[in-house]
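Good morning, and thank you for making the time.

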Amino acid sequence: MAKSKEVTVEEKLRALYDLQLIDSRIDEIKSVRGELPLEVEDLEDEVIGLNKRLVNLDEEVAVLKKEITDKKLVIDEANTLVKKYTEQQKKVRNNREFNSISKETEFQELEIELAEKRIKEHRAKIEQKNEVIEGTKVNLARKEELLKHKAAELNDIMSDTEKEENILVSKSKEYAQLIDDNLLAAYNRIRTNVKNGLAVVSIDRGASGGSFFTIPPQRQVEISSRKKIITDEYSGRILVDGALAEEEREKIEKLLK
């Protein structure tokens, strides 16, 4: 059974630095977009929420109008009964019948009074809700206009960088497959823990990229020998020598042209 080719430390370092260069370019593209994607998403959520609120308010107004209609029917029925009882009182034969009809009349008059009170309250609520509806519509129109502007701005940026980003993402996955799982996990962990996403850096003027701490000469020699993976003791970043870094930068630039 044929043995798979053993990957040297230098090859691992080159693959790691290539991956870093590609991922850093993706980071740059994303930074151009800034907070725009989140702003657009938040505005979309707000627009959905405001539209839902308008639907709910319209439903509440419809319920109140229905209740007003029902109360008007109660008033009509009560008025009909009052007229009926008034006619009956003209034909009563004793005080007991008169008093009984009077109580029924009073009850219907109270029903009318209560229904009219409820109608007044419902109309006041409808007026308040209509004011809220108008304010919500104004707010919705403003948010929709802002969303339209932000979405157009984001689309312009995306259209300029989408092709390049897709290529870079594809290359990132391709180069990630060249790195063993443990080393790749370490790379991703370092990228997550550092502010600028630089997990692999080259030595520049005796110090690791992004660090002000000087690397001892003997340590620099070890890094230049490319015999083992060496990390910066202060930042935890993986270190490569300047010559390797320059060679890989040129290679990736040509690859992405």
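I shall begin with the origin of the model and then turn to the chain itself.

What you see is a predicted model, in which local features need pLDDT of at least 70 and side-chain atom pairs count only at pLDDT 80 or more, whereas totals for chains, interfaces and linings use all residues. Residues are numbered from 1 along each chain as its sequence is written, and side-chain values use heavy atoms, with hydrogens and water left out.

Let us take the overall form. The protein chain contains six helices and three strands; here helices (H or I, at least four residues) and strands (E, at least two) are DSSP runs, numbered from the N terminus. Along the sequence their order is α-α-α-α-β-β-α-β-α.

How does the radius of gyration of the protein chain stand against that of a compact globule of 257 residues? The globule would be near 18 Å, but the protein chain has 39 Å. That radius is taken over C-alpha atoms, and the globule rule is 2.2 Å times the number of residues to the power 0.38. Along the principal axes, the C-alpha atoms fill a box of roughly 125 × 45 × 35 Å.

Of the 257 residues, 33% count as buried. Buried means under 20% relative accessible area, exposed over 50%, and partly exposed in between, with a 1.4 Å probe and protein chains only. The accessible surface of the protein chain is about 17500 Å², and 51% of that belongs to carbon and sulfur atoms; these areas come from the Shrake-Rupley method with a 1.4 Å probe, and for residues only the protein chains shown count as cover.

Among contacts in the protein chain with a separation of 6 or more, 76% are between residues 24 or more positions apart. Contact means heavy atoms within 4.5 Å.

I turn now to the helices. Helix 1 covers residues 9–33, and its 25 residues should span 36 Å at 1.5 Å a residue; the end C-alpha atoms are 36 Å apart, which agrees. The expected span is 1.5 Å times one less than the number of residues. Just after helix 1, Gly-34 takes a positive phi of about 55°.

Helix 2, residues 36–89, holds Thr-80, which counts as exposed because its relative accessibility is 53%. Between the C-alpha atoms of Thr-80 and Gly-242, 162 residues apart along the chain, the separation is 100 Å.

Helix 3 runs over residues 95–176 and includes Glu-104. At 36% relative accessibility, Glu-104 is partly exposed.

Is Ser-172 buried or exposed? It is buried, because its relative accessible area is 13%. Leaving aside neighbours within four places in sequence, Ser-172 is in contact with Leu-19, Ile-22, Asp-23 and Ile-26. Ser-172 and Asn-182 are 10 residues apart along the chain, and their C-alpha atoms are separated by 17 Å.

Finally, two arginines in loops. Arg-205 sits between strand 1 (200–204) and strand 2 (207–208), and its phi is near 55°, a positive value in a residue other than glycine. Arg-226 lies in the loop between helix 5 (217–225) and strand 3 (238–240); it too is not a glycine, yet has a positive phi of about 55°. Arg-205 counts as exposed at 82% relative accessibility, whereas Arg-226 is buried, with a relative accessible area of 15%.

Thank you; I welcome your comments.
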